[in-house]
Amino acid sequence: MSDQGREPVSWPPDGTSPLIGILCGSSSDLPVIQQAGAILERFEIPYELRVVSAHRNPDEVDEYARKAEGRGLVAIIAAAGMANHLAGAVAARTVLPVIGVPLSGSKLEAVDALYSTVMMPTGVPVATVAVDGAKNAAILAAQIVAVADRDVRARLSEFKEKLAEGLRP
Ligand code: RP5
């Protein structure tokens with residue numbers, strides 16, 4: 001990441017096209033949302049991570065969401081705090097599944113981010129995970145990839161078995 005944390009990150013860094021796009025609203029969100037990247041790496045799913053805000057960079061969000069499907073992404077994770085319109089703004093502009101992660105840290109203790117992520121109007125769903133649930137967002141994204149990818153499905157099955165044995169992801 002650059003000083004501002006706005007430089008996009010891709011994994012693996014060899015130019016492989018990402019399947020999952022991870023967006024977060026601020027570089028201050030990175031410590032939480034980078035946990036999603038770590039989970040995707042564990043499942044060997046290429047992803048990209050960008051800091052982009054529905055309020056501070058609305059045109060970038062618009063362009064990213066509209067181009068995502070054509071670039072080969074299969075799902076987008078969008079994480080933000082406060083009056084979190086990032087996931088909804090992305091979902092409004094793409095047919096790809098969007099997973100919203102409401103982030104804590106605001107004076108309203110995440111109620112603002114939770115409600116503004118989960119309470120989407122009919123027709124524009126956002127699959128909302130728990131507050132700060134970056135790991136679950138990535139596991140859900142992996143499950144979306146696994147619908148058409150046997151190798152990822154096998155990794156998820158192994159992961160579930162380890163969960164039953166007490167693994168803490
Ligand atoms: C949201 O506002 C961001 O996603 C972040 O969670 C929160 C605070 O952002 P900063 O003021 O730390 O940049 O849009």
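**Aromatic pairs and the ligand site**

In this predicted model, the count comes to 2 aromatic pairs, where rings of Phe, Tyr and Trp (its six-membered ring) pair if their centres lie within 6.5 Å, and planes under 30 degrees apart count as stacked, over 60 as edge-to-face and the rest as tilted. Trp11 and Tyr47 have ring centres 6.2 Å apart and planes at 20°, so this pair is stacked. Because Trp11 lies in strand β1 (residues 9-11) and Tyr47 in strand β3 (residues 47-51), the pair ties together parts that are 36 residues apart in sequence. Helices (H or I, at least four residues) and strands (E, at least two) are DSSP runs, numbered from the N terminus. Residues are numbered from 1 along each chain as its sequence is written. As the model is predicted, local features need pLDDT of at least 70, side-chain atom pairs count only at pLDDT 80 or more, and totals for chains, interfaces and linings use all residues; side-chain values use heavy atoms, with hydrogens and water left out.

Trp11 also takes part in a cis peptide bond, which joins it to Pro12 with omega at about -5°. Pro12 is found in the loop between β1 and β2 (20-24).

Turning to the ligand, the residues around it are Gly25, Ser26, Ser28, Asp29, Arg56, Ala80, Gly81 and Met82, each with a heavy atom within 4 Å of the ligand. This shell divides into 2 nonpolar, 4 polar and 2 charged residues; Ala, Val, Leu, Ile, Met, Phe, Trp, Tyr, Cys and Pro count as nonpolar, Asp, Glu, Lys and Arg as charged, and the others, Gly among them, as polar.

Polar contacts (pairs of N or O atoms within 3.5 Å) can be followed residue by residue. A polar side-chain atom of Asp29 lies 2.6 Å from an oxygen atom of the ligand, and one of Arg56 lies 2.7 Å from a ligand oxygen atom. Gly81 contributes through its backbone, with an N or O atom 3.0 Å from an oxygen atom of the ligand. The protein covers 71% of the 370 Å² of accessible area that the ligand has on its own (Shrake-Rupley method, 1.4 Å probe).

Met82, another residue around the ligand, has a positive phi of about 60° although it is not a glycine. Met82 lies in the loop between β4 (75-81) and α3 (86-91).

How values were computed. A polar contact is a pair of N or O atoms within 3.5 Å; within protein, one must be able to donate a hydrogen and the other to accept it, and residues adjacent in sequence count only if both atoms are side-chain atoms.
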